Amino acid sequence: MIWPLDLAWYVVRRLVNAAAVILLVSVVVFVAIRLTGDPAASMLQGVEPTRQAIDQLRHALGLDQPLWRQYELFLAGALHGNLGTSYDTGQPVASLIGSRLGATALLAVAGLVVGALIAFPVGIIAALRPNSLVDLGARMFALAGISFPNFWLGIMLITIFSVALRWLPASGYGTWQSLVLPALTLGLILSGIQSRLVRSSMLEVLRHDYVRTARAKGLKERSVIMRHALRNALIPVVTYMGSTFGALLGGIVFVEVVFSWPGIGSLAYQAVEQRDFPLVQGIVVVTASLLVLMNLLVDLLYLLLDPQIHLE
Amino acid sequence: MIAPASPEDTQQETRQRKGRRLARLFVRSPSAVIGALFVLLTVLATVFGPLLEPHAATAINLNEALLPPIFVHGGSAMYPLGSDYLGRNLLGMIVSGTRISVDLAVLAVLCSMAVGTLIGLYSGYAGGWLGNLLMRLTDLQMAFPFILMALTLMAISGPGLWKVVVVLALSGWTDYARIVRSQTLQQRHMLYVNAAQASGASRARIIFRHILPNISDSVIVLATMNIAVNILLEAGLAFLGLGISPSTPSWGSMVADGRNYIETAWWLTVFPGFAIFFSVMGFNLLGDWLRDVNDPSHGH
């Protein structure tokens, strides 16, 4: 049993840790951007800039200040929700990111749901007959899932369902039809890893005594699997979800670019192409924060799901 | 008279026995054989691709532009997989793209393997504040939006072979560090390590001559799977126009170019994508099998 005070202390410790990670990420991206080239010079590319023009622009953007001072200004702003202004559009970075978060969240949830809808049946069937042909098939499915280039899978789905069959749009946002192909691409990519997680945690659970007891009571196999085994198998699946967030994010960036989905991923790609450094910096810091917070939430969810867990 | 077996002899014998066991398990596993076949094809294309009429393979010929593959009406035997908008031979382009993908993936694996393994060995055996700090860095990677960082680095620093290698290696080294560290921690208190310590072996000797050979199997498994990950990541960067150079056709940039012809010339996206898929699948199948062989409890 976890005491409320212990839990509070645990959450505080994790939050401090999370803040440190986010701070470190912001330093890394900040330094990396400034060490690898002069933003002012690359912004003036193509117009054969004079030294004077570059210096003026550097001054206007605050790039002539010492590095630590620039970071200090960035950090002070960030703490007040001000992530700077986009070089490209002149809009505040924070509101640009805010306007795209909803689309990315929708895509992420839809992709995770599609992935789970594929992964649970595949993983459960594989676990019920370990080392059978079905299991081998499930294993090949999972390996194929991690072997597909996600951008290519998206293009193949477009080729089939948009170009050849003309059933679904290849891009767009706002209708359910436009969500189907991006969510399917993301779901197929994720279902590979997810189905392995479901399989291994089901295998683990099926060995336990309570499953044998449930069977011995004469319960239907279906009820044993769905009501007794699956519920307990969910716990490890949830914990490992944290380790798939990286894959999720990578998938989202490519899926958004391929389907012109108006989310954070396509915004990041545009920002990188335009060398819009404040925007790039803001996106990296915000995404890192979200990743850290989601990992924290997953760990807390784990505590709620399994009361036997002790805080380290 | 029979000479007593020297330690080298017995070592060689166990190695031989291990080799035979692997070979026996290998031929019994269809997925390992298929995986090895894909990998072999990839390696052959890498090694012999450049020798096969290096210029003719990707020569421009506008009269023969956008020809379909041989099995489609209008296809030509000269262009088994069809031709692109400049009349270049798609098969030739895919074969020459193999070299780029594999070279980059393998170079990056060597870099991240060396760095990650050294860090893992050090922090596992010596520990201390430095070891802890290094492992904290690997924790950081978990929260790092790596793909965004890769895009940023490539966009700022511009195209280049070694830049791609560095970006790929940065993404991979933490896995080696984590696994090598946990294995080193297990090995550190084994009898053979105690014996080596008692006989006065130096720290470096214990780490590299005694511990490293005992954990090399897991490093090899990881490296095999890591090649697959790197091929995918390189293709992704090239797809976004952030690869080694826009003028060198790699699998990822071929898919990106083919996108413009998706309505008229499907083969331009389909075949380069299959090249990526089959080579990645090959390394994944092989790595998956190696992992099973090394750890029979896994997956059963």
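Reply: A single residue and its surroundings

N150(A) counts as buried because it has 24 C-beta neighbours inside 10 Å; a residue is buried if 20 or more other C-beta atoms lie within 10 Å of its own, exposed if 12 or fewer, and partly exposed in between, with C-beta atoms placed from the backbone. The model is a predicted one, in which local features need pLDDT of at least 70 and side-chain atom pairs count only at pLDDT 80 or more, whereas totals for chains, interfaces and linings use all residues. Residues are numbered from 1 along each chain as its sequence is written, and chains are lettered from A and ligands numbered from 1 in the order in which they are written.

N150(A) belongs to helix 7 of chain A; helices (H or I, at least four residues) and strands (E, at least two) are DSSP runs, numbered from the N terminus. Leaving aside neighbours within four places in sequence, N150(A) is in contact with T185(A), I189(A), G251(A), F254(A) and V255(A), where contact requires C-beta atoms, placed from the backbone, within 7 Å. M140(A) is ten residues from N150(A) along the chain, and their C-alpha atoms are separated by 17 Å.

Helix 6 (residues 133–147) and helix 8 (residues 176–206) of chain A pack with axes 7 Å apart, at an angle of about 140°. Axes are lines fitted to C-alpha atoms, for helices over the stretch in contact, and angles run from 0 to 180 degrees between N-to-C directions. That angle makes helix 6 of chain A oblique to helix 8 of chain A (under 35 degrees is roughly parallel, over 145 roughly antiparallel, 65 to 115 roughly perpendicular, and the rest oblique). On the side of helix 8 of chain A, the contact includes L188(A), I189(A) and G192(A), and on the side of helix 6 of chain A it includes A138(A), F141(A) and G145(A). By class, this contact has eight nonpolar, four polar and two charged residues. Ala, Val, Leu, Ile, Met, Phe, Trp, Tyr, Cys and Pro count as nonpolar, Asp, Glu, Lys and Arg as charged, and the others, Gly among them, as polar.

Turning to the partner chain, 43 residues of chain A are in contact with 36 residues of chain B. Helix 7 (150–164) of chain A is among the elements that give two or more residues to the side of chain A that touches chain B. The largest share of that side, eight residues, comes from helix 13 of chain A. The residues there divide into 32 nonpolar, nine polar and two charged.

The largest nonpolar core has 163 residues, and those with the most contacts inside it include I283(A), A268(A) and L151(B). Such a core is a set of buried Ala, Val, Leu, Ile, Met, Phe, Trp, Tyr and Cys residues joined through C-beta atoms within 7 Å. Its largest share, 18 residues, comes from helix 8 (residues 203–239) of chain B. Beyond four places in sequence, the contacts of I283(A) include A268(A) and L148(B).

Chain B has ten helices and zero strands, with 45% of its 300 residues buried.

Methods. Two residues are in contact if their C-beta atoms, placed from the backbone, lie within 7 Å.
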